[in-house]
Amino acid sequence: MASRTGRRLFAVTARNQTGGGLLHALARFATVAVFLAFAGCHQPVRNPPPSVSYDGLPVSGPMIDAKRAGFNDCVDLDTVHIRCRRHGVMVGDAGPYEAAVDLAGSSGEGGFDQLTLWHDSDNNAVFKLTQALEASGWSRCLTGNGRTGDQAIYMRKGAPVRVSMDISYWSKRRVRLIPQWNQQEAHCTPA
C-alpha cells in the first residue's frame, strides 16, 4: 500500500524488505553516532588565562596578547588548538629564537598558558638564555630521574614566570616560559 509520493513508497518498501523497522533503527543509530562525534569535536573552551609577560613577550593570556606581540604565523594543530609563531625572538641578549604559543579553541578563544622557544638548527643555542638567567641570579633545579622527561627549571623570587629547559629531548631542545600560576607543568624547588 504505497502512496504516490516517493518518500512514502521508499519507507513502505524498505520496511517490508528489512523486517519491519531495522532500517529505522539503523537510521536512528547513525543519527546518534554522528551527533556524538560532532559533540566530541566541539568541547567547551576554557576562558583565557590571565595575561603574564616577561621581557616584552607574552607568556599567557588571550589571543589578542599574542597577536599584539607579533605572533601572527598561525596554523591549526587540530580542531581545537592553534599554534601561533614569531620568528627572530630575542630574550635579553639571547637569541634569535623561534617562538610559539599554543592556543585553546578552534579560533584561539581559550588563550595560551606558556611560551615555547627553540632554535631551528642549533639545539645548544638555548644555553645562552639559561646561562644569562643563572648569571642574573636565577636558581636552578632538576626534575625527573635522569632518564626521560627531565627539565632544568630556573626560578627567581618575585619573577612572574619560571623557565623550563629540556635536558633530554627527541628533536629540538625547547625552553618554555611558564607563568608561576601554572602548576600543571613539571616543577621543582631550588636548593
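Are cysteine 141 and cysteine 188 buried or exposed? Both cysteine 141 and cysteine 188 are buried, where buried stands for under 20% relative accessible area, exposed for over 50%, and partly exposed for what lies in between (1.4 Å probe, protein chains only). The model is a predicted one, in which local features need pLDDT of at least 70 and side-chain atom pairs count only at pLDDT 80 or more, while totals for chains, interfaces and linings use all residues. Residues are numbered from 1 along each chain as its sequence is written, and side-chain values use heavy atoms, with hydrogens and water left out.

A disulfide is a covalent bond between the sulfur atoms of two cysteines. Here a disulfide is taken to be a pair of cysteine sulfur atoms within 2.5 Å, and by this rule the protein has two disulfides. With bonded cysteines counted along the chain, they follow the pattern 1-2, 3-4.

Cysteine 74 is partly exposed because its relative accessibility is 29%, whereas cysteine 84, at 0%, is buried.

Another disulfide joins cysteine 141 to cysteine 188, S to S 1.9 Å. This pair too links distant parts of the chain, with cysteine 141 in strand S7 (residues 139-142) and cysteine 188 in the segment after strand S10 (174-179), 47 residues apart. The torsion about its S-S bond is about 90 degrees, so the disulfide of cysteine 141 and cysteine 188 is right-handed.

Note on methods: Helix = DSSP H or I, 4+ residues; strand = E, 2+ residues; numbered from the N terminus.
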